[in-house]
Amino acid sequence: MKIKINEEKCIGCGVCASLCPKGIAILDGKAIVTDSNQECLKDAFNACPINAISIN
Ligand code: SF4
């Protein structure tokens, strides 16, 4: 799964990381992908309040 987080859009709310802690971490107030193979990344994608996450 190809996942991208738009750093400029991300507000660091942490919703994605709380839904997918094995796939996303918050670093310096921005979300970063730590494991792009996690299924829960889809949940994070759907939950981001400002659509900063994209999946291909
Ligand atoms: Fe950033 Fe969206 Fe994750 Fe919030 S849910 S930390 S805005 S990528």
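**Loops, ligand and a disulfide**

Modeller: Let's start with Asn51, which is exposed, with a relative accessible area of 54%. Bear in mind that this is a predicted model.

Biologist: Okay. Where does Asn51 lie?

Modeller: Asn51 is in the loop between H2 and strand S4, and S4 covers 53-55.

Biologist: What about the phi of Asn51?

Modeller: The phi of Asn51 is positive, near 50°, and Asn51 is not a glycine. Most residues other than glycine have a negative phi.

Biologist: Which place does Asp28 have?

Modeller: Asp28 sits in the loop between S2 and S3. Its phi is positive too, about 50°, although Asp28 is not a glycine.

Biologist: Is Asp28 buried or exposed?

Modeller: Exposed. Asp28 has 77% relative accessibility, and the cut-off for exposed is over 50%.

Biologist: Cys10 and Cys48 were on your list. Are they buried or exposed?

Modeller: Cys10 is buried, because its relative accessibility is 11% and buried means under 20%. Cys48 is buried as well, with a relative accessible area of 13%.

Biologist: How many cavities of 30 Å³ or more does a search find?

Modeller: One, in a search of the whole structure. The largest cavity has a volume of about 80 Å³. It is lined by 14 residues, and the closest to its centre are Cys10, Gly12, Cys13, Cys16 and Cys48.

Biologist: What takes up the space of the largest cavity?

Modeller: The ligand does.

Biologist: And what classes make up the lining of the largest cavity?

Modeller: The lining has 12 nonpolar residues, two polar residues and no charged ones.

Biologist: Lots of cysteines here. How many disulfides does a search of the whole structure find?

Modeller: One. Cys20 and Cys40 form that disulfide, with their sulfur atoms 2.0 Å apart.

Biologist: Remind me, what is a disulfide?

Modeller: A covalent bond between the sulfur atoms of two cysteines.

Biologist: Is the link of Cys20 and Cys40 right-handed or left-handed?

Modeller: Right-handed, with 60° about the S-S bond.

Biologist: Which parts does the pair tie together?

Modeller: Cys20 lies in the loop between helix H1 (15-19) and strand S2 (24-27). Cys40 lies in the loop between strand S3 (30-33) and helix H2 (41-47). So the pair joins parts that are 20 residues apart in sequence.

Biologist: Are those two cysteines, Cys20 and Cys40, buried or exposed?

Modeller: Both count as buried. Cys20 has 0% relative accessibility. For Cys40 the value is 17%, and the cut-off for buried is under 20%.

Biologist: Last one. Where does Val33 lie?

Modeller: Val33 is in strand S3. Val33 counts as partly exposed, because its relative accessibility is 31%.

Biologist: How many residues apart are Val33 and Ile5 in sequence?

Modeller: They are 28 residues apart in sequence. In space, Val33 and Ile5 are 7.7 Å apart, C-alpha to C-alpha.

How values were computed:
Residues numbered from 1 in each chain as written. Predicted model: local features only at pLDDT ≥ 70, side-chain atom pairs only at ≥ 80, totals over all residues. Heavy atoms only, no water. 1 Å grid on protein atoms, 1.4 Å probe; cavity = no way out; pocket = protein on both sides within 12 Å on 5 of 7 lines; lining within 4 Å. Sits in = over half its atoms within 2 Å of the grid points. Points joined across faces, edges and corners; volume = space filled by probe spheres on them. Nonpolar A, V, L, I, M, F, W, Y, C, P; charged D, E, K, R; others polar. Disulfide = S-S within 2.5 Å. Helix = DSSP H or I, 4+ residues; strand = E, 2+ residues; numbered from the N terminus. Buried < 20%, exposed > 50% of the residue type's maximum accessible area, 1.4 Å probe, protein only.
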